[in-house]
Amino acid sequence: MSPPCHKKAGSAAPTQRFPTCAIGKKPYWRSPPGAATHAALMHRFANPARFLKIARPLTQWLFWPGLALILIGAGCGLLVTPADYLQGQTVRILYIHVPAAWLGMGGWTGIALAALVQLVWRHPLAAIAGRAIAAPGALFTAICLATGSIWGRPTWGTWWEWDGRMTSMLVLLFLYLGYIALAQASARDGQGGVSHVTAIFGLVGAVNIPIINRSVVWWNSLHQGPSITMRGSTIETTLLWPLGLTLLGFSLWFGAIVLMRMRAILAQNKVEARMQRLARG
Amino acid sequence: MNQWAFVIAAYAVTAGATIVMSIMSWRAMGSAERAADRLSDRA
Amino acid sequence: MKAKHQRLVLALVALASIIGAGLLAASALKDEAAYFYAPADVKAKGVEPGRAIRLGGMVVKGSLKRAADGVTIRFNVTDGKARVPATFSGIAPDLFKEGSGVVAEGAFDDKGTFVATNLLAKHDERYMPRELEGMQYNETTHEMKVTP
């Protein structure tokens with residue numbers, strides 16, 4: 001930013017290092033702190049107002065249909081679909097395990113995208129989105145590991161093995177925990193959003209996502225290869241369809257949770273900003 | 001049906017976690033927004 | 001505007017190089033990160049007897065035999081390129097059957113037979129109902145047959 005004034009040739013003293021620009025009587029670089037924070041404040045509240053106008057009704061429109069789809073999908077997956085020829089009834093864990101894996105990985109992809117927007121465009125909402133995604137993302141990663149373990153016992157004959165897929169998914173859970181810890185530690189200085197260091201951590205951690213995805217292709221693993229690929233699905237349609245319902249349902253629900261957490265952070269910001277103004281008098 | 005025990009356990013874990021996260025997020029949002037609204041009422 | 005573009009390019013270059021480095025490291029780990037040896041790997045590299053490894057592959061159809069003691073089973077493991085004889089005493093998982101995947105933990109003995117101390121069943125990415133249209137599932141052999 002260049003000062004909106006012209007240096008008067010010859011008028012400046014030879015020792016003076018800054019051009020003097022008189023707005024009233026104050027030089028531009030000594031403007032009161034209120035002026036600068038006012039601009040920042042406008043930037044901060046202009047977008048949340050627009051965001052909240054959309055987010056308020058959208059929260060419910062994502063939450064309830066999401067929950068309904070989850071219940072219908074899970075109900076059909078438990079009661080309607082036939083058992084697998086090899087695994088029998090345990091195949092039904094698929095309908096929650098796959099959405100959990102998808103959202104655990106999708107959550108980190110969201111964190112990485114939010115981090116990119118935060119670091120490049122300095123958008124304050126992106127920093128808040130990163131914080132809001134972390135908890136549900138970590139939860140779904142944990143659900144994926146737990147349901148996978150429960151599924152592994154009757155099918156593979158083990159609760160846990162250190163194969164590529166399971167190990168890389170556990171690494172994702174640890175990445176989430178690290179991200180949450182970093183975000184908590186930097187909660188004070190980011191107006192509810194995550195700090196730059198946390199955002200960079202989110203961006204770097206994204207390297208694990210393609211590794212999880214490819215782990216069953218690159219390495220011999222106990223976990224089977226991908227069933228649903230670009231070439232189609234090796235899951236029979238009679239077994240597959242409830243997965244579509246639960247995938248969509250959990251995704252909508254995930255969106256609703258993220259919106260709720262963002263709204264909570266924005267409301268806390270508003271309260272904190274008011275408290276600070278009151279404290280300043 | 002031993003297999004069903006595993007299926008029920010997996011669904012129960014997911015249901016419990018989903019419900020807890022829903023309630024926690026909903027409550028946190030509700031109390032934060034109420035506090036913010038009280039500020040605007042006073043202003 | 002210029003600073004923003006600089007940050008964008010910087011962030012994307014950093015991201016690309018991090019992911020590139022990660023994938024490079026991951027592919028370099030190919031052998032070390034492998035969860036098991038396939039029979040072809042064993043034949044190609046040679047695994048000394050007594051070294052604890054995991055052997056993975058398909059149980060060759062018709063090779064599964066129960067020894068006279070009733071506990072020990074013998075079977076061949078194949079990956080389509082090579083096959084290795086294996087033996088195991090104990091309780092095998094439910095999904096362990098001929099024509100299906102297996103990961104065995106153990107070591108080779110001097111005669112080249114893999115002595116497993118633990119068996120894990122590995123299933124493939126196919127999921128289908130027992131009663132497919134025009135197909136019939138045999139409960140005892142676990143095979144899908146086309147019904148006439």
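Predicted model: local features only at pLDDT ≥ 70, side-chain atom pairs only at ≥ 80, totals over all residues.

**Exercise 1. Is Ile73(C) buried or exposed, and which residues does it touch?**

Step 1. Ile73(C) is placed in strand S3 of chain C, residues 72-78.

Step 2. With a relative accessible area of 5%, Ile73(C) is buried.

Step 3. Not counting residues up to four places away in sequence, the residues that Ile73(C) touches include Leu64(C), Ala86(C), Thr87(C), Phe88(C), Phe96(C) and Leu119(C).

Step 4. Ala86(C) is 13 residues from Ile73(C) along the chain, and their C-alpha atoms are separated by 8.4 Å.

**Exercise 2. Describe the folds of chain C and chain A by their elements.**

Step 1. Chain C has two helices and eight strands, and from the N terminus on these run α-α-β-β-β-β-β-β-β-β.

Step 2. Chain A contains seven helices and four strands, in the order β-β-α-α-α-α-α-α-β-β-α from the N terminus on.

Step 3. Of the 148 residues in chain C, 37% are buried; of the 281 residues in chain A, 51% are buried.

Step 4. Taking contacts between residues at least 6 apart in sequence, 44% of those in chain C join residues at least 24 apart. In chain A, 76% of such contacts join residues at least 24 apart.

**Exercise 3. Characterise the interface of chain C and chain A.**

Step 1. Chain C contributes 41 residues to the contact and chain A contributes 43 residues.

Step 2. The two chains bury about 3,800 Å² between them, with 64% of it on carbon and sulfur atoms. Buried area is the accessible area (1.4 Å probe) that two parts lose on being put together, summed over both.

Step 3. One salt bridge (a side-chain nitrogen of Lys or Arg within 4 Å of a carboxyl oxygen of Asp or Glu) is found across this interface. It joins Arg54(C) to Glu161(A), the closest N and O atoms being 3.7 Å apart.

Step 4. On the side of chain C that touches chain A, the elements giving two or more residues are helix H1 (2-28), strand S5 (101-108) and strand S6 (114-122). H1(C) gives the most, with eleven residues.

Step 5. By class, this side of chain C has 26 nonpolar, three polar and twelve charged residues. Ala, Val, Leu, Ile, Met, Phe, Trp, Tyr, Cys and Pro count as nonpolar, Asp, Glu, Lys and Arg as charged, and the others, Gly among them, as polar.

**Exercise 4. Which three residues supply 23% of the area that chain B buries against chain A?**

Step 1. The contact draws 25 residues from chain B and 36 residues from chain A.

Step 2. Together chain B and chain A bury about 2,800 Å², of which 77% is on carbon and sulfur atoms.

Step 3. The three residues are Phe6(B), Tyr11(B) and Met21(B), which supply more of that area than any other three residues.

Step 4. Two salt bridges are found across this interface; in one of them, the side chains of Glu33(B) and Arg56(A) meet at 3.9 Å, N to O.

Step 5. The side of chain B that touches chain A comprises 18 nonpolar, six polar and one charged residues.

Note on methods: Residues numbered from 1 in each chain as written. Chains lettered and ligands numbered in written order. Heavy atoms only, no water. Contact = heavy atoms within 4.5 Å. Buried < 20%, exposed > 50% of the residue type's maximum accessible area, 1.4 Å probe, protein only.
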